[in-house]
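Biologist: I have a new model open on my screen and would like to learn how to read it. Could you walk me through a few features?

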Amino acid sequence: MQFEEFEFFSSGTPTTAPAAATPQLRLQYLLDNTPAIIYCTVPSGDFKMTFVSNNALHVLGYRPEDMVADPNFWFDHIHPDDAPSIFSSLATVFTEGQRAYEYRFRRADGAYLWMHDSLRLVRDEHGAPLEVIGALTDITDRKLMEQAQQELIGRLREAHEQLLQSEKMASIGQLAAGIAHEINNPVGFVNSNMGTLNSYVGTLFSVIASYEQALGSHPALKPIQQKMAAVRDEADLEFVQEDASALVRESMDGLKRVKDIVQALKDFSHVGEVEWQVADLHQGLDSTLNIVANEIRYKATVEKHYGVLPQVHCLASQLNQVFMNLLVNAGQAIRTQGVITIRTGHDKGWVWVEIGDTGAGIAPEHLNRIFEPFFTTKPVGSGTGLGLSLSYGIVNKHGGKIEVASELGKGTRFTVRLPVTPPAMDAPATAGEPPKG
């Protein structure tokens, strides 16, 4: 790699590309203005830096030439708590060809930034190690957001457990509303920034492609074409382009998941409450069945055993959300083919809706936790653990109860019991014990 010909150690990071720049200067401009710090090291145990892009001065506060001059610079600036795990596995770069780390790196002002470091081994034509190329990206904002979310989720879990012990489930809604508000603000601007970054990355690679196309149309520039091709191969630009797009896409997917959780938290805390109304629960059940039809039609037969129900004073859309959660859970509990049964009834001022399935059932040790926020027995990434806690809050607000009975291997039955007219329609009711259905 002939990086020295490009004069990377300039006096400052360029902010605008020269009007008539050479291809080398254009490449330097692109490197110096990408989000990642590009660096190279010797392919030996000390990992001495041989090249650092100029944007290191802006991100870390160090001049690239000073970083290259110190043979121990990289090792000496990694956080002491993060260094052992990195040093113990660096040898895998030479066996696997690449390695990625996340660690804290000390800035010139003494503060630590979280960095994502992607290392890639470059070999010569004989297979011998030539150098290691790294890309350092500042992920401090992401780490701080993840830490804040974990702390907030931890606080929510702890508070919820205390409220369960004191039978004060209603107040969890206020806590959830505050958490949703706190998470929503950073998620909003990070999502906006990721969209802009995605556009920038696309623009950068489009510019590179245009330069290469322009060079290819002039035979007289063949030496420059060959040199650019060598640089492209050594930088593995195709991989970088593909990986950059994938990273942005995965980040956007992750942000969407966070937004969905925030929305569920808002629902859990009854943000955006609609008006109380008199509603037909059978109509709500039927409309909900239509919505979730694709979730259950291929694995379960639905049997309806409706009794005679009076109209109920309620928040109809929220009760529909309860029915949806219970029906989707019932469908997911059935692995191959089964039956979902819906029964309804009315007795002494109370109505009840029972949704049962012939699925896998719930383990006894999990039954007392299924209404906790974020608790789920589903595989990681398959559920947020908010559906049943949301349902519990809605039923509780109506002055009702939600009960569960389950047997492993035979199925589960949820029963929602509601007063026809809640004792208080603007706060959780303290009604008497509903009759058994």
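Biologist: How many disulfides does the count come to?

Modeller: A disulfide is a covalent bond between the sulfur atoms of two cysteines. The rule used here asks for a pair of cysteine sulfur atoms within 2.5 Å, and by it the count comes to zero disulfides. Please keep in mind that this is a predicted model, where local features need pLDDT of at least 70 and side-chain atom pairs count only at pLDDT 80 or more, while totals for chains, interfaces and linings use all residues. Residues are numbered from 1 along each chain as its sequence is written, and side-chain values use heavy atoms, with hydrogens and water left out.

Biologist: Is Cys-40 buried or exposed?

Modeller: Buried means under 20% relative accessible area, exposed over 50%, and partly exposed in between (1.4 Å probe, protein chains only). Cys-40 has 1% relative accessibility, so this residue counts as buried. Cys-314 is buried too, with a relative accessible area of 1%. Across the protein, buried residues make up 40% of the 437 residues.

Biologist: What does the secondary structure come to?

Modeller: Helices (H or I, at least four residues) and strands (E, at least two) are DSSP runs, numbered from the N terminus. The protein has 15 helices and twelve strands.

Biologist: How many residues of helix H15 are buried?

Modeller: Nine of the eleven residues of H15 (residues 387–397) are buried, so this helix is largely enclosed by the rest of the structure. Among them are Leu-388, Leu-390, Ile-394 and Lys-397. Helix H1 (residues 23–32) is also largely enclosed, because seven of its ten residues are buried. The buried residues of H1 include Pro-23, Gln-24 and Asp-32.

Biologist: At what angle do H13 and H15 pack?

Modeller: Two packed helices are described by the angle between their axes and the distance between the axes. Axes are lines fitted to C-alpha atoms, for helices over the stretch in contact, and angles run from 0 to 180 degrees between N-to-C directions. For H13 and H15 the angle is about 145 degrees, with the axes 9 Å apart. Contact means heavy atoms within 4.5 Å; Leu-319, Val-322 and Leu-326 are among the H13 residues that meet H15.

Biologist: Where do the axes of H11 and H13 come, and how do they cross?

Modeller: The axes of H11 (residues 281–291) and H13 (residues 316–333) come within 9 Å and cross at roughly 50 degrees. That makes H11 oblique to H13; angles under 35 degrees count as roughly parallel, over 145 as roughly antiparallel, 65 to 115 as roughly perpendicular and the rest as oblique. Residues of H11 in this contact include Leu-281, Leu-285 and Ile-291, which meet H13 residues including Phe-323 and Met-324.

Biologist: What is the phi of Lys-348?

Modeller: Most residues other than glycine have a negative phi, and most peptide bonds are trans. Lys-348 has a positive phi near 55 degrees. This residue is in the loop between strand S9 (338–347) and strand S10 (350–357), and Lys-348 is exposed, with a relative accessible area of 71%. Just after H15, Gly-399 takes a positive phi of about 80 degrees.

Biologist: Which residues is Gly-134 in contact with, leaving aside its neighbours within four places in sequence?

Modeller: They are Ile-37, Ile-38, Tyr-39, Asp-117, Ser-118 and Leu-119. Gly-134 is in strand S5 (residues 129–138) and counts as buried at 1% relative accessibility. Among contacts in the protein between residues at least 6 apart in sequence, 63% join residues at least 24 apart.
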